[in-house]
Amino acid sequence: MDRVTLHDYEALSPFQIKDELIKLASAEARKANSAFLNAGRGNPNWVATRPREAFFALGQFAITESKRVMDHPAGLGGMPAQKGCHQRLQSWASDHSETPGVDTLLEVVVHAISAFDFDADEFVHELTDSIIGDNYPVPDRILRHNSAIAHEYLMWSMCRGHRPDAQFDLFAVEGGTAAMCYIFKSLKANRLLNPGDTIALCTPIFTPYLEMPELEDYSLESVHVETDEEDGFQLTNDAVEKLKDPKVKAFFLVNPGNPSSVALSTASLRKLSDLVENHRPDLIVLTDDVYGTFVHDFTSVMGHLPRNTIGVYSYSKYFGCTGWRLGVIAVAQDNIFDLKLADHPDEIKQALDKRYGTLSLTPRDIRFIDRLVADSRDVALNHTAGLSLPQQVMMTLFSLCELVDSKKIYQTACIELVHRRFKLLTEAMGIEVQAGAHYDAYYGIIDFEYWLRKYVGEDVVAWIKQNVHPLDIAFKLAEDYGIVLLNGSGFDAPGWSARVSFANLPDEAYSQIGTAVRSVARGYVQAYRAANNLPLHG
């Protein structure tokens, strides 16, 4: 496409541009009788089988529990009973030992009862009644046993490199997407962020964090705390310096990054901690850590700054369960959000009293985490708030299967899978990349400007930037090779870059993508040489 046409797409989200790229790539694949390769999606092409087998086995047991209470010929069952349900599960499991998932179900139930000192009948009944889905979620934030289990899972998945001396309250939500929506909404509703306020974004960053602040719903100003490839996508002193400005009310980051796929190092975390402790104890921090499980000994900001941080985690990528919509919001019990609410001027307190007055005789005592729950259902529907119970059972089983995997066999397999694909792509591109310990290999930024400067020279880069539209990379890959990558500019990554997902295609596809990317780069170099009357090869 020509520069004028590509200019029309500049304002679109990369996820909307993707739809046009898919059309072009599909057409090219049909014309060339080749594979259509969509590496623009983050949806993994693997699933965690053991927790799913346990889930479906539990469902079969739960049906027997329902029929035990009522077994009407018309197909009506009763609500599972609590007393004696643990023993009945053991007996049922003995009779169905050959059923896939029964062994895993028993293993995680035994572990949970022992590790968390659960009452056996109360825990098994939570699982059984919840998978049937015959009640509203109570408690609405998260089920009691699921809360304890998910908390321990989060301490492993988000804070295993540095476990804080803090207890977190959790809100089970419909994936990271819902978490983002609820947090933005509640920060505004509680006047912790107001129209015209300034927030800082650690860039490059997942596109919605760039787009949501600009909606008229929030009307926030954004400053970018930039990280780049030359600095290993880590926080520099100059970048952190921007957060000293008191007008910056909040700092949002994705860690490990999307699309950089690099986790913050100990040095970066120390810079941020020092900044908050010594200069900005009032700074709100939102950290989205969905990819932390792909880095050994990952450390979240919430491990270092629990009082200031709202933590977001989604189970989607690690367990291959984007369709389940499972996520949690974590807020430390000792936090600055409740203090900020208490420090509001009386005028704002009265307005919030009116907002939450139907929920409590003392609405000012409602904590921020519980206001998140209420705001997720526009307050008036708070009595039906909460993540569906079968979803919470799946969350419990995902968490427990990881906690009983002491050798981290599953994590090792996931990490090896994405790193293998990363290696196949870079080898096909003909470049040498040292993937550091902080790289999760879930995504990669292919920065044409960076690599052409390194391997060909500044003259070529200058010519390309003058004569090639940044979106040309993504469109050329789609039109000429049937490959979809997302434009890096949509993530505030370098303009002449593209994001590739190492999660959603077979291994061999990444060699094909690498070869195509190399061909596109070679085409730019040849165009430069032709334009400057230079030999096409040299």
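Tutor: Helix α14 (residues 346-356) packs against helix α15 (residues 368-376) at an angle of about 55°, and their axes are 12 Å apart. Axes are lines fitted to C-alpha atoms, for helices over the stretch in contact, and angles run from 0 to 180 degrees between N-to-C directions. Helices (H or I, at least four residues) and strands (E, at least two) are DSSP runs, numbered from the N terminus. This is a predicted model, in which local features need pLDDT of at least 70 and side-chain atom pairs count only at pLDDT 80 or more, while totals for chains, interfaces and linings use all residues. Residues are numbered from 1 along each chain as its sequence is written, and side-chain values use heavy atoms, with hydrogens and water left out.

Student: What does that angle make α14 relative to α15?

Tutor: It makes α14 oblique to α15. Angles under 35 degrees count as roughly parallel, over 145 as roughly antiparallel, 65 to 115 as roughly perpendicular and the rest as oblique. The crossing of α14 past α15 is left-handed; that term applies if the near helix is turned anticlockwise from the far one by less than a right angle, and right-handed applies if clockwise.

Student: Which residues meet there?

Tutor: From α14, Leu 352, Arg 355 and Tyr 356 meet Arg 371, Ala 374 and Asp 375 of α15. Contact means heavy atoms within 4.5 Å. This contact of α14 with α15 divides into 3 nonpolar, no polar and 3 charged residues. Ala, Val, Leu, Ile, Met, Phe, Trp, Tyr, Cys and Pro count as nonpolar, Asp, Glu, Lys and Arg as charged, and the others, Gly among them, as polar.

Student: And α3 with α16, what is the angle there?

Tutor: Helix α3 (residues 49-69) and helix α16 (residues 389-404) pack at about 135°, with axes 9 Å apart. The two are therefore oblique to each other, and α3 passes α16 in a right-handed crossing. On the α3 side the contact is made by Arg 50, Pro 51, Arg 52, Ala 54, Phe 55 and Leu 58, and on the α16 side by Pro 390, Val 393, Met 394, Leu 397, Phe 398 and Cys 401. By class, the contact of α3 with α16 has 10 nonpolar, no polar and 2 charged residues.

Student: How are α6 and α7 arranged?

Tutor: Helix α6 (residues 120-132) and helix α7 (residues 144-157) pack at an angle of about 95°, their axes being 9 Å apart. They are therefore roughly perpendicular to each other. Glu 122, Phe 123 and Glu 126 of α6 make the contact with Arg 144, His 145, Asn 146 and Ile 149 of α7.

Student: Changing topic: what is the volume of the largest pocket?

Tutor: The largest pocket has a volume of about 640 Å³. Of its 26 lining residues, the closest to its centre are Thr 177, Phe 206, Tyr 291, Lys 317 and Arg 325. On a 1 Å grid over the protein atoms alone, a cavity is a set of points where a 1.4 Å probe fits but cannot get out, and a pocket is an open set with protein on both sides within 12 Å along at least five of seven lines; lining residues have an atom within 4 Å of a point. Grid points are joined across faces, edges and corners, and a volume is the space filled by probe spheres set on the points.

Student: Which helix gives the largest share of that lining?

Tutor: That is α8, with 5 residues. Both α2 (14-32) and α8 (175-189) supply at least two residues each. The lining of the largest pocket comprises 10 nonpolar, 10 polar and 6 charged residues.

Student: Where is Pro 204 placed?

Tutor: Pro 204 is in the loop between β5 (198-203) and α9 (207-211). A cis peptide bond joins Thr 203 and Pro 204, with omega about 0°.
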